[in-house]
Amino acid sequence: MIRENKIELMWHQITPFSNVIQSFEKNDQVLFVSAPGTGKTYYTLSFIENYEFEPSRVLILGPTNIITSNWERKGRGIITDVDGYEDATIITYDYLVENIDYFISVINNYDVVITDEAHHLGANTWGPAYKKLIAAYTNGRLMQLGLTATPVRSDGIDVGESFFKGNIV
């Protein structure tokens, strides 16, 4: 079901967004593939609103500090408060690797894990840490949304198959 959200998607974003929501009706893991600049961050903020996730139960991973800062800026009032203080946990993949034991110990506090630039999960250090994190979850349903414009990496790794059970929208 799609709810009324603070984020207003543009007309060309409605169908892909609906496809993501429908895919989550059957799957816990979805890789959303869309070209650069098409609004994957806004889709995801709308997704968070649609499912009415508590911001404190959202974990967002990105490859760089620039990308994680972008989430903080664009998510003001949805995943952060209006002053920009984080409610959601927004970290880099490197930070996850460096603090994997901590995040394994708290993974059950989250309802959704979002991986921006999810093709980076194919990296030798980031992918195994992510899989270890997800494997530690024991608290019912953990939704995982990956975002990328590059579902198959130049080294041949198919991120959709390797990390999202082939559920690609």
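The largest cavity is lined by Phe17, Val20, Phe32, Tyr43, Thr44, Phe47, Leu145 and Leu147. Here a cavity is a set of points, on a 1 Å grid over the protein atoms alone, where a 1.4 Å probe fits but cannot get out, and lining residues have an atom within 4 Å of a point. The model is predicted, with local features needing pLDDT of at least 70 and side-chain atom pairs counting only at pLDDT 80 or more, while totals for chains, interfaces and linings use all residues. Residues are numbered from 1 along each chain as its sequence is written, and side-chain values use heavy atoms, leaving out hydrogens and water.

A search of the whole structure turns up 1 cavity of 30 Å³ or more, and the volume of the largest comes to about 40 Å³; grid points are joined across faces, edges and corners, and a volume is the space filled by probe spheres set on the points. Two or more lining residues come from each of α1, α2 and β5, with α2 giving the most, at 3 residues. Helices (H or I, at least four residues) and strands (E, at least two) are DSSP runs, numbered from the N terminus.

Phe47 turns up again in the ring pairs. The whole structure holds 10 aromatic pairs. Rings of Phe, Tyr and Trp (its six-membered ring) pair if their centres lie within 6.5 Å; planes under 30 degrees apart count as stacked, over 60 as edge-to-face and the rest as tilted. Phe24 and Phe47 make a tilted pair, 5.1 Å centre to centre with 35° between the planes. Since Phe24 sits in helix α1 (residues 11-24) and Phe47 in helix α2 (residues 40-50), the pair ties together parts 23 residues apart in sequence.

A nonpolar core is a set of buried Ala, Val, Leu, Ile, Met, Phe, Trp, Tyr and Cys residues joined through side-chain atoms within 4.5 Å. The largest has 26 residues, and Phe47, Ile48, Val58, Trp71, Ile79, Ile114 and Leu145 are those with the most contacts inside it. At least two of its residues come from each of α1, β1 (29-33), α2, β2 (58-62), α3 (65-74), β4 (112-115) and β5 (143-148). A second, separate core of 24 residues includes Leu31, Leu61, Trp126 and Phe163.

How values were computed: Buried means under 20% relative accessible area, exposed over 50%, partly exposed in between (1.4 Å probe, protein chains only). On a 1 Å grid over the protein atoms alone, a cavity is a set of points where a 1.4 Å probe fits but cannot get out, and a pocket is an open set with protein on both sides within 12 Å along at least five of seven lines; lining residues have an atom within 4 Å of a point.
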